[in-house]
Amino acid sequence: EFLARRAADVEEALREAAAQEIMPRWRRLAEHEVDHKSGPHDLVTDADRKAELYLTKTLPALLPGSVVVGEEAVHANPASYEAIRGEAPVWIVDPVDGTRQFVRGEPGFCTLVALAHGGVVHASWTYAPARGLLATAVRGRGALLDGEPLHSGSPEPGSELRVAVSHPDYTTDEQKRALLGLWTDGVAPRSCGSAGLEYLAIARGESDATAFSWEAAWDHAAGLLLVEEAGGTHLTRAGEPFRITGGNTLPFTAARDAATARRVAGLLSDGS
Ligand code: IPD
Ligand code: CA
Ligand code: CA
Ligand code: CA
């Protein structure tokens, strides 16, 4: 089947996109290569645009009939997001997740690719080129980091929970009130600046959970499967699994195990 034959080609595409379009610009970005989208913190660079173009050409050729939904293409044409809910298999692409960190010359950014069909993510890739990390997941077959199995494990009983807060600039006041529920005894809120790397930290057991307050599928699709296949799970504030096709009650949480997800989702719903 497709993944058995072609997973290595997807990896190769990610590595090439980074080698050709992302890493040569890291710490060498010219001013004219950086643009603003909706506001001062909403950045896009030539690395984002060109890496997405590279993947948009390469990935559909690996799976005939598949389409791409990419962050920057959706910015140019919002209607293209609808393919997430369409009939065809869809490659969901975030060419640079953590653009602000990329622009600052920090290593905390990654490329995210998920292959979904009918709203279900079947495989995912999280590649952090400046850190030299590649995490992959295939539904029902586990998660790997640089070829080694990933197990999220559980927090130490009685230990303080390491919960990250990941939010876009447009988080609503209601969502902020829900997030405030995290500032409670036994929880240590933090943030890392790349949604994809938040998921990787959970899958590795380096973080216990993250609360996210937005839905864009390119930020979540890859990491949700990575966390699930490493043994973790996700829940919205309403106590349901997060769906990449939308309509979720936000914020939601992804966590190392089911008990932690329930605890954090509970804190989020008590907050408002
Ligand atoms: C952003 C990062 C960040 C999160 C933002 C995202 P981008 O993605 O994941 O951690 O707080 O909401 O938009 O724009 O750098 O791909
Ligand atoms: Ca962006
Ligand atoms: Ca992103
Ligand atoms: Ca991005």
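**Ground rules.** I am working with a predicted model, in which local features need pLDDT of at least 70 and side-chain atom pairs count only at pLDDT 80 or more, while totals for chains, interfaces and linings use all residues. Residues are numbered from 1 along each chain as its sequence is written, and chains are lettered from A and ligands numbered from 1 in the order in which they are written.

**Domains.** I began with the division of the protein into domain 1 (2-149) and domain 2 (161-270), whose bounds come from an automatic or database domain assignment. I noted that their C-alpha centres lie 21 Å apart. I then looked up the interface, where 34 residues of domain 1 are in contact with 24 residues of domain 2, contact being taken as C-beta atoms, placed from the backbone, within 7 Å. On the domain 1 side, the elements that each supply at least two residues include β3 (67-70), α4 (99-103) and β6 (120-128); helices here are DSSP runs (H or I, at least four residues), as are strands (E, at least two), numbered from the N terminus. I sorted that side of domain 1 into 17 nonpolar, ten polar and seven charged residues, where Ala, Val, Leu, Ile, Met, Phe, Trp, Tyr, Cys and Pro count as nonpolar, Asp, Glu, Lys and Arg as charged, and the others, Gly among them, as polar.

**Helices α1 and α2.** I checked helix α1 (residues 2-22) against helix α2 (residues 46-62), and their axes come within 9 Å and cross at roughly 155°; the axes are lines fitted to C-alpha atoms over the stretch in contact, and angles run from 0 to 180 degrees between N-to-C directions. That makes α1 roughly antiparallel to α2, since angles under 35 degrees count as roughly parallel, over 145 as roughly antiparallel, 65 to 115 as roughly perpendicular and the rest as oblique. Among the residues making this contact I noted R6, V10 and A17 of α1 and K50, Y54 and L62 of α2, and the contact divides into ten nonpolar, two polar and five charged residues.

**Helices α6 and α7.** I found helix α6 (residues 195-203) packed with helix α7 (residues 217-230) at an angle of about 0°, with axes 9 Å apart, and α6 and α7 are therefore roughly parallel to each other. In this contact Y199 and L200 are among the α6 residues and H220 and L226 among those of α7, with nine nonpolar, three polar and one charged residues by class.

**Backbone spots.** I looked up the bond joining L250 and P251, which is a cis peptide bond with omega of about -5°, and placed P251 in the loop between β13 (233-236) and β14 (252-255). I also noted R27, which has a positive phi of about 65° although it is not a glycine, and which lies in the loop between α1 and β1 (34-36).

Conventions
Two residues are in contact if their C-beta atoms, placed from the backbone, lie within 7 Å.
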